[in-house]
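Have your viewer ready and work along.

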Amino acid sequence: MKKRIGIDVGGTNVKIALVDGNGKIIYSNSVPTYAKMGYEYTVNNIKQAIRDLMKETNTDSKSIDAIGFDFPGQVDYKTGVVKLAPNIPGWVNVPIAQMIEEEFHIPTRIDNDVRCAALGELKFGAGRGCKNFICMTVGTGIGSGLVIDGKIVRGAANAAGELGHIKLQMQGGPLCGCGDTGCLEAFASGPAIVAMAYDYIKGGKAAKFSEMAGDSEITPYIVAKAAEEGDPVAKRIFEIIGEYIGIGLSSVINLLNPEKVIIGGGVAESGDLLLDPIRRTVKERAMSVAGSSVEIVKAELGNSAGVIGASMLVEGE
Ligand code: ADP
């Protein structure tokens, strides 16, 4: 296999990488997104970054198999159009794949960030050798990419995988960013950890994380560090968050009977602190056959999952 280019577009930076046939990053760089300058400006910067990559790595259009883009938002995989990216204002109905193909004459595909991460994990990470798995990310929100029978599931309108919006409560519950209430994401994402931490402080529970944050805002990272140092309130917060995620996952595990659930995103950096209560809850709450055969593991590709997965999109058809 020849080399491929993976491009991970975020609200602040665009990461670009040249990836070899073994999923190894040979070269990487990043350019600012500057979304407020309009999408044409960002696209021109991306084109220049591709030219720079080719120059620096002594490659050209003929020696590169494919280009793949990863966007945090709604994309149409088939037409290569970015429909809407909430964190990148101005990117509405942008035919990015066509724009890049016309310039470089290299097959180009796009997908959303969690599906790219799932594809990366499938090819080169914790999903290697698996036919059925769920790749879930826990950060500012909760997202997922599904692999069934070795293929990425996109759904009828490219909207499959919204695990964060599984409802945990019939009526009421915390308000979610999607506008509804009672979604898993509203109960158990990074901001939910922070909200719970402040609630404990308001309730008069002396907690180490408050002391550790000092004058700064409490973050999930700080709560995790306090838990690692033995703070019982911080440990309890991760227990509760893990339980919510475990309950949401139990429904998906019952439905799909995956071999693995691969958990990534910033909050999963806390490792077993988050994973153990998830494992325990799934064991208790999922149906016994599906629940006892699923393995719940940490993602392997970390920050590079986006560029590595995106680079594989053309073959992922
Ligand atoms: P986003 O969803 O915005 O892309 P990330 O997936 O990068 O964000 O997650 C960012 C969050 O992860 C932050 O809230 C940060 O505090 C948290 N985080 C980073 N490292 C750790 C850690 N070791 N333990 C727990 N939380 C962490």
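**Exercise 1.** What should the twelve residues of helix H3 (residues 113-124) span at 1.5 Å a residue, and how far apart are its end C-alpha atoms?

*Solution.* Some ground rules come before the steps. This is a predicted model, in which local features need pLDDT of at least 70, side-chain atom pairs count only at pLDDT 80 or more, and totals for chains, interfaces and linings use all residues. Residues are numbered from 1 along each chain as its sequence is written, and side-chain values use heavy atoms, leaving out hydrogens and water.

- The expected span is 1.5 Å times one less than the number of residues.
- For H3 this gives 16 Å, and the end C-alpha atoms are 16 Å apart, which agrees.

**Exercise 2.** How many of the twelve residues of H3 are buried?

*Solution.* Ten are buried, that is, under 20% relative accessible area with a 1.4 Å probe, protein chains only. Among them are Arg115, Cys116, Glu121 and Phe124.

**Exercise 3.** Describe how helix H1 (residues 39-57) packs on helix H2 (residues 96-104).

*Solution.* 

- The axes, which are lines fitted to C-alpha atoms over the stretch in contact, lie 11 Å apart at an angle of about 40°.
- The contact (heavy atoms within 4.5 Å) includes Val43, Ile46 and Lys47 of H1 and Met99, Ile100 and Glu103 of H2.
- By class, the contact residues divide into nine nonpolar, no polar and three charged.

Note on methods:
Axes are lines fitted to C-alpha atoms, for helices over the stretch in contact, and angles run from 0 to 180 degrees between N-to-C directions. Helices (H or I, at least four residues) and strands (E, at least two) are DSSP runs, numbered from the N terminus. Ala, Val, Leu, Ile, Met, Phe, Trp, Tyr, Cys and Pro count as nonpolar, Asp, Glu, Lys and Arg as charged, and the others, Gly among them, as polar. Buried means under 20% relative accessible area, exposed over 50%, partly exposed in between (1.4 Å probe, protein chains only).
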